[in-house]
Amino acid sequence: MCLILFSYQPDTPTPLVLGANRDEYFERPTLAADFWQDAPHILAGRDQIAGGTWIGITETGRFAALTNIREASPTKIDNRRSRGELTHAFLAGEQSGYDYLQAIKGSLQQYDGFNLLVGEFSNTQQSLFYLNNREQDIQALAPGTYGLSNHRLNTPWPKVIRSKYALEQIIEKNTLNHQLIRAFLENPQLAEDADLPNTGISQEQEKALSASFIKTPLYGTRASTVITINNRRIDFSEKSYLEEQYREYSIPLN
């Protein structure tokens, strides 16, 4: 599963501060974050099976991120499509965030459960929208701090509550840097049994997935991504845990 924490403050010196973990099976082939050869303006990691991504940003400030919705008995979908194409399509396109989400609403049932964030960040445009394909309502997000795991936006799972608080403290103390954000993304603390959500899987599985940083024999946190946007530039960093790689990029903001 995955975890995204972000502070969205449009029309301020720092409109976006975001930290995210990608949780996936260790055997799934993945390319580390980089500018794509077939779309050089896109900066993102890449799934080598379906060609999409879970989080990315472009040189013009188009941003997209995705988490799965955890469902014990998901709806059976014939010829289901890869959810990573949803982020890919927005990053590669030119539609506004709202128009893009409106355009895909007719195809939402072709995908397993997902949460999708899309936004635009430039010196003249700052917007962020949220959609999941279970409620299907497009939300223009108000300024605030948000947490997203594998249920709905701001569902109070223990790791969401802990991580939101950690992000708020970093911002409040004006100690904003990628290393501090990544520190709470790497928190292996498990939730107490009484606080575990009930998503239809076993308690043992709920326990293992309750940490911000997940590590099991076959599945866990593959990479963490931190994105900060100020009025001068986009800073992007990714730490890949299987490959033991760290990459960082700085993009001037137009």
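Visitor: How many bridges join strand 3 to strand 4 (residues 42-47)?

Guide: This is a predicted model, in which local features need pLDDT of at least 70, side-chain atom pairs count only at pLDDT 80 or more, and totals for chains, interfaces and linings use all residues. Residues are numbered from 1 along each chain as its sequence is written, and side-chain values use heavy atoms, without hydrogens and water. Strands (E, at least two residues) and helices (H or I, at least four) are DSSP runs numbered from the N terminus, and two strands pair if DSSP finds at least two bridges between them. Strand 3 and strand 4 run antiparallel, and the number of bridges joining them is four.

Visitor: Which residue in strand 4 is the bridge partner of T30?

Guide: The open sheet concerned has seven strands in the order 3-4-5-6-7-8-9, paired antiparallel. Its edge strands, each pairing on one side only, are strand 3 (30-35) and strand 9 (139-140). In strand 4, T30 has as its bridge partner D47.

Visitor: What angle does the direction of helix 1 make with that of strand 6?

Guide: Helix 1 packs on this sheet, touching strand 4, strand 5 (55-58), strand 6 and strand 7; contact means heavy atoms within 4.5 Å. Axes are lines fitted to C-alpha atoms, for helices over the stretch in contact, and angles run from 0 to 180 degrees between N-to-C directions. With strand 6, the helix 1 direction makes about 175°.

Visitor: How far apart in sequence are the parts tied together by R80 and D112?

Guide: These residues form a salt bridge, with their closest N and O atoms 2.5 Å apart; the rule is a side-chain nitrogen of Lys or Arg within 4 Å of a carboxyl oxygen of Asp or Glu. R80 lies in the loop between strand 6 (62-68) and helix 1 (84-92), and D112 in the loop between helix 2 (97-104) and strand 7 (114-121), so the parts they tie together are apart in sequence by 32 residues.

Visitor: What is the order of the six strands in the other open sheet?

Guide: Its edge strands are strand 10 (144-148) and strand 13. Strand 12 and strand 13 run antiparallel and are joined by eight bridges. The pairing in this sheet is antiparallel, and the order is 10-1-2-11-12-13.
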